[in-house]
Amino acid sequence: MKVLGIFGSPRRGGNTDLLLEEALKGAQEEGANVERLHLSDYTITPCKECHGCDNTGNCVVLDDMQKIYPRLLETDVIIFASPIFFYGVTGWAKALIDRSQALWSRKYLLKDPLLGKEGRKRKGFFISVGATKGQRVFDGAILTVKYFFDVLNAEYVGELVFRGVEAKGAILKHPEALREAHEAARELASAGKKG
Ligand SMILES: Cc1cc2nc3c(=O)[nH]c(=O)nc-3n(C[C@H](O)[C@H](O)[C@H](O)COP(=O)(O)O)c2cc1C
């Protein structure tokens, strides 16, 4: 079973990175084939809304996103991690999500069976942190990620979100959060093994 960890923060070694690394360790424990995608290592141009993908399902922008599409399609589980930036996901994460419009076209305009009901079933999990303690701080990001997962035929199986975490590495003061991330992904991988 393939698990793709998408690192959406530009701060390497930051809070979501630490949580996602811990989650991926949990998945590895169950024998998952784990891959990492650090978005800040890639050039992902924002969607130009040119509708170039409407008739082909392929994006006309020839940047690093072309390397990412197959990785999204080849995985069974996506664990998507992004801190909250202005009540949403980071620009890096949003660029990837918006460029998935090409897959949206494949699924909804071109009715590609590979992304339809009979296509590969995936699972998606979201990890996030925010500095504030606002009740609704994760609402926007969760909706965005849910809709992204839908395009990939990935069932939204849940999220782990932590409020009041700001400085780089501050999550290390919450070992229970790291444990939860580890356990959530371990369970996901274990369930995947059992089919
Ligand atoms: C540009 C920017 C915007 C942010 N916006 C918010 C916000 O709207 N709400 C919030 O709770 N925290 C916000 N934060 C704080 C981060 O979510 C927080 O520091 C988080 O721990 C960073 O995670 P990371 O270490 O994985 O990058 C913002 C940080 C930055 C740099």
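This is a predicted model: local features need pLDDT of at least 70, side-chain atom pairs count only at pLDDT 80 or more; totals for chains, interfaces and linings use all residues.

Trainee: Which residues lie nearest the centre of the largest pocket?
Mentor: Those are Pro-83, Ile-84, Phe-85, Ala-131 and Val-165, out of 17 residues that line the largest pocket. A pocket here, on a 1 Å grid over the protein atoms alone, is an open set of points where a 1.4 Å probe fits, with protein on both sides within 12 Å along at least five of seven lines, and lining residues have an atom within 4 Å of a point.

Trainee: What volume does the largest pocket have, and how does its lining divide?
Mentor: Its volume is about 330 Å³. The lining of the largest pocket has nine nonpolar, six polar and two charged residues. Ala, Val, Leu, Ile, Met, Phe, Trp, Tyr, Cys and Pro count as nonpolar, Asp, Glu, Lys and Arg as charged, and the others, Gly among them, as polar.

Trainee: And what about the second largest pocket?
Mentor: That one has a volume of about 170 Å³. It is lined by 15 residues, with Cys-47, Glu-49, Cys-50, Cys-53 and Gln-101 nearest its centre. Helices α3 (91-99) and α4 each supply at least two residues of that lining. By class, the second largest pocket is lined by seven nonpolar, three polar and five charged residues.

Trainee: Switching topic: what is the strand order in the sheet?
Mentor: β2-β1-β3-β4-β5, an open sheet of five strands with parallel pairing. The edge strands, each pairing on one side only, are β2 (33-38) and β5 (154-162). From one strand to the next, the twist averages 15 degrees. Strands are DSSP runs of E, at least two residues, and helices are runs of H or I, at least four; two strands pair if DSSP finds at least two bridges between them.

Trainee: How many bridges join β1 to β2?
Mentor: Six, and β1 (residues 2-7) runs parallel to β2. Val-3, for one, has Val-34 in β2 as its bridge partner.

Trainee: Which strands does α2 touch?
Mentor: Helix α2 (residues 65-73) packs on the sheet against β1, β2 and β4 (122-129), and its direction makes about 150 degrees with that of β2. Contact means heavy atoms within 4.5 Å, and angles run from 0 to 180 degrees between N-to-C directions. Helix α5 packs on the sheet too, touching β3 (77-81), β4 and β5.

Trainee: How do α4 and α5 cross?
Mentor: At roughly 60 degrees, with the axes of α4 (residues 101-109) and α5 (residues 139-151) coming within 9 Å. They are therefore oblique to each other. Leu-103, Trp-104, Lys-107 and Tyr-108 in α4 meet Tyr-147, Asp-150 and Val-151 in α5.

Trainee: Last one: where is Tyr-87?
Mentor: In the loop between β3 and α3.

Technical notes. Residues are numbered from 1 along each chain as its sequence is written. Side-chain values use heavy atoms; hydrogens and water are left out. Angles under 35 degrees count as roughly parallel, over 145 as roughly antiparallel, 65 to 115 as roughly perpendicular and the rest as oblique. Grid points are joined across faces, edges and corners, and a volume is the space filled by probe spheres set on the points.
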